[in-house]
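Hi everyone, thanks for coming.

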Amino acid sequence: MERTGIKYILLMEPQEQEITIEGWVRTKRDSKGVSFLEINDGSTIKNLQVIIEENFPDYASIVKSITTGSSLSVKGNLVASPAKGQKVELKASSIEIIGETPPDYVLQKKRHSFEFLREIAHLRPRTNTFGAVARVRSAMSFAVHKFFQERDFVYVHTPIITGSDCEGVGEMFQVTTLPIGNPPVVNGKVDYSKDFFGKQASLTVSGQLEGETYACALKNIYTFGPTFRAENSNTSRHLAEFWMIEPEMAFCDLHLNMDVAEEFLKYIFLYILGNCPDDMDFFNTRISKGVIDNLEDIARSSFVRISYTEAVEQLTKAHADFEFPVTWGEDLQSEHEKYLTEKIYGLPVIVIDYPKEIKAFYMKLNDDNKTVRAMDILVPRLGEIIGGSERESDYHKLEKRITEFGLDPADYWWYLELRRFGSVPHSGFGLGFERLIQFVTGMQNIRDVIPFPRSVKTLEF
Ligand code: ATP
Ligand code: MN
């Protein structure tokens, strides 16, 4: 089998020696005495043009059997192409049809909506858009590791099944082997001691707490894995299963944490612009006009840094027509976040020092006793992309916060012990990988940047 991708063949010079390529037919165009195929093999968004001339053996029948979507192996000469936008094309000398495609193939010439394509998630990677998303997603995963590995962060695999609820809130998927219709019950409550783990278990909503244990030994760590939230958020920014990147750094305060997050985002933007130019060109012209300039501008800029209190002041002054009112003490809504980053600053904005009531129990309390050392990074078009904080490193303050949240410190014994033995200021953040892909590609809906989206009432594949 021939392994040289069309990506490389398109860069070659015309040559005497015959080559073989493999791929799928994107389009076929018959002209008088000649047939043109556009072949794609997934190595690039670009197609290789294949020419079949009339003197080809069995011309009529072979041209008839080749249809959109069929897979081929084509041998021939790479010749200079008279057509615009391509240096070479392949003049076929022999063709093997590997897999035919009957006429009921849905991905014929017609363009389909993204909504429809979600219903055929097994075929959508064959479209330009989803091929480009897949390549960018892959390159971006590599870039995530590259960034952290170059800086000596240790990649830690935190568990997917967990016995602790990271945020101390609901919204978790339960993991159980108990019979759902007839679970063992004691005093009117399900008896989880009979369950697989002998206690209630869930799918993780974040690897942070476990990540902290490794940061408090290895100094700089990161996680990058699947995360699950049973939140009923039917938005274009929420999935029930998504991938999260969570660095955690010891001997690190909130300011250093923000510096790392900002540097990381810029690194990823520049990596993708440099390594996926053809796919980015496609997104820039077909999906989100100006997205390349936007990423370049951001990579060159300094993010705005303001406190939550300042953010509330700015938003109140703006007198914009918000659906939800802006009040100190309430969480910023997506519309407020977008207004700050798009309208007021025109740049990514890092908001810090949120009221303690609206953030998680583990965030470091400020001296004002009202706010915590949280930081959210807001970007245009999306709103929140990163949520992070400096963690409470004082044993007693943390224990008190756990209690205030109505949680049982006993359940967090190992997390608390990190604060008893060589406690250290430490910080980290969580970045939703799909939101990052959305931002870089300009794709509007988060369901279109993950191969098989899981969201409320959707699990066909
Ligand atoms: P939001 O307010 O947008 O729901 P959050 O405050 O719940 O986000 P965090 O718990 O701070 O988010 O999670 C860290 C990051 O994970 C977020 O900044 C976001 O990028 C991503 N994220 C959170 N929930 C989801 C989800 N349901 N689907 C995809 N990404 C998510
Ligand atoms: Mn959420």
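**Charged pairs, inside and out**

Let's start with Arg-391, which counts as buried at 2% relative accessibility (buried means under 20% relative accessible area, exposed over 50%, partly exposed in between, using a 1.4 Å probe and protein chains only). Quick background: this is a predicted model, where local features need pLDDT of at least 70, side-chain atom pairs count only at pLDDT 80 or more, and totals for chains, interfaces and linings use all residues. Residues are numbered from 1 along each chain as its sequence is written, chains are lettered from A and ligands numbered from 1 in the order in which they are written, and side-chain values use heavy atoms, leaving out hydrogens and water.

So what does Arg-391 form a salt bridge with? Its partner is Glu-248, with the closest N and O atoms 2.8 Å apart. By salt bridge I mean a side-chain nitrogen of Lys or Arg within 4 Å of a carboxyl oxygen of Asp or Glu. Glu-248 is buried too, at 2% relative accessibility.

Next, Glu-434 and Arg-137 meet in a salt bridge of 2.9 Å, N to O. Glu-434 is buried at 0%, and Arg-137 is buried at 11%.

Now look at Lys-87, which has a salt bridge to Glu-13 at 3.1 Å between the closest N and O atoms. Here Lys-87 is partly exposed at 40%, while Glu-13 is exposed at 51%.

How many salt bridges does a search of the whole structure find? It finds 24.
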